[in-house]
Amino acid sequence: MMKDFSTTAPPLEVHDLTVAYDRRPVLYGIDLTVPAGSLTGIIGPNGAGKSTLLKAVLGLLPLSAGWVKIFGAPLAQNARRTGYVPQRESVDWDFPVNVMDVVLMGRYGHLAPGRRPGRADREIARACLDQVQMLPLARRQIGNLSGGQRQRVFLARALAQESDLYFMDEPFAGVDAATEAAIIDLLREMKARGKTVVVVHHDLSTVRDYFDRLVLLNVRLVAAGPTAEVFTPELLQKTYGGRLTILSDVVQSLGEEP
Ligand SMILES: Nc1ncnc2c1ncn2[C@@H]1O[C@H](COP(=O)(O)OP(=O)(O)O)[C@@H](O)[C@H]1O
Ligand SMILES: [Mg+2]
């Protein structure tokens with residue numbers, strides 16, 4: 001019998017990945033495996049290549065070298081099992097669509113070519129909006145939302161994709177405390193349902209609380225593994241270099257851990 005790699009292969013496997021802009025490598029020789037059901041944080045300084053890593057594994061950028069497998073296969077075969085929440089600033093919010101339209105975009109991967117979302121898709125979209133407490137604003141133009149509300153809409157769209165592996169780029173950046181709490185609750189619930197979630201994160205003070213695994217990135221992979229093993233002063237120093245002085249409180253509190 002043939003082995004079913006779709007269930008046994010890890011959600012994400014990256015080998016020797018190099019990505020360059022204008023021939024300048026911004027990611028170099030990345031080897032990485034993300035196990036199923038994990039909540040993984042990607043941390044590293046500004047310009048480390050965190051967003052580039054997500055875009056590369058999602059096939060949004062050409063690879064200079066290496067390969068990416070999603071559940072053991074090239075992305076094209078498993079694109080439907082993969083959801084993406086882009087960095088909020090990277091999106092044009094003047095585009096004249098309402099909240100419901102944006103969430104319904106999450107259903108397009110499930111539609112037959114040329115088909116429009118139907119009643120069942122709308123039901124799913126409504127349930128996802130409800131999950132992020134945005135259903136009352138379903139008809140609001142997206143340009144008229146606060147930062148936290150926009151982030152919730154993005155999450156609802158990703159939920160509507162009904163994927164197994166999610167990539168989120170700084171979902172907590174610039175959101176209010178209530179939204180941050182709602183997002184982390186949602187991520188934990190997704191994990192509890194067996195989803196795999198990979199999150200670019202910049203707030204080191206919440207890293208140990210939020211993520212069970214970490215990827216430490218600065219052009220090269222510095223370390224990857226369980227948070228308790230890799231969130232150490234030494235590896236943070238290696239990742240952030242001189243810029244770690246601004247993070248000294250976090251490092252100091254790490255040193256005081258029992
Ligand atoms: N479209 C682009 N063209 C050229 N350089 C880019 C582009 N996008 C990002 N970069 C550069 O690639 C590096 C990594 O960027 P990015 O992945 O956005 O970092 P991070 O998300 O970790 O802050 C940075 O030096 C950035 O200036
Ligand atoms: Mg980024």
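I started with ligand 1: α2 gives the largest share of the shell around ligand 1, 3 residues. Helices (H or I, at least four residues) and strands (E, at least two) are DSSP runs, numbered from the N terminus. The model is predicted: local features need pLDDT of at least 70, side-chain atom pairs count only at pLDDT 80 or more, and totals for chains, interfaces and linings use all residues. Residues are numbered from 1 along each chain as its sequence is written, chains are lettered from A and ligands numbered from 1 in the order written, and side-chain values use heavy atoms, without hydrogens and water.

I listed the shell (residues with a heavy atom within 4 Å of the ligand); Tyr21, Arg24, Lys50, Ser51 and Thr52 are among its members. Both β2 (24-34) and α2 (50-57) supply at least two residues of this shell.

Next I looked up polar contacts, which to a ligand are pairs of N or O atoms within 3.5 Å. An oxygen atom of ligand 1 is 2.5 Å from a polar side-chain atom of Thr52. For Ser51, a polar side-chain atom is 2.9 Å from an oxygen atom of the ligand. A side-chain N or O atom of Tyr21 lies 3.4 Å from a nitrogen atom of ligand 1. I also noted that the protein covers 62% of the 560 Å² of accessible area that ligand 1 has on its own (Shrake-Rupley method, 1.4 Å probe).

Terms used:
Polar contact = N/O pair within 3.5 Å; in protein donor to acceptor, adjacent residues only side chain to side chain.
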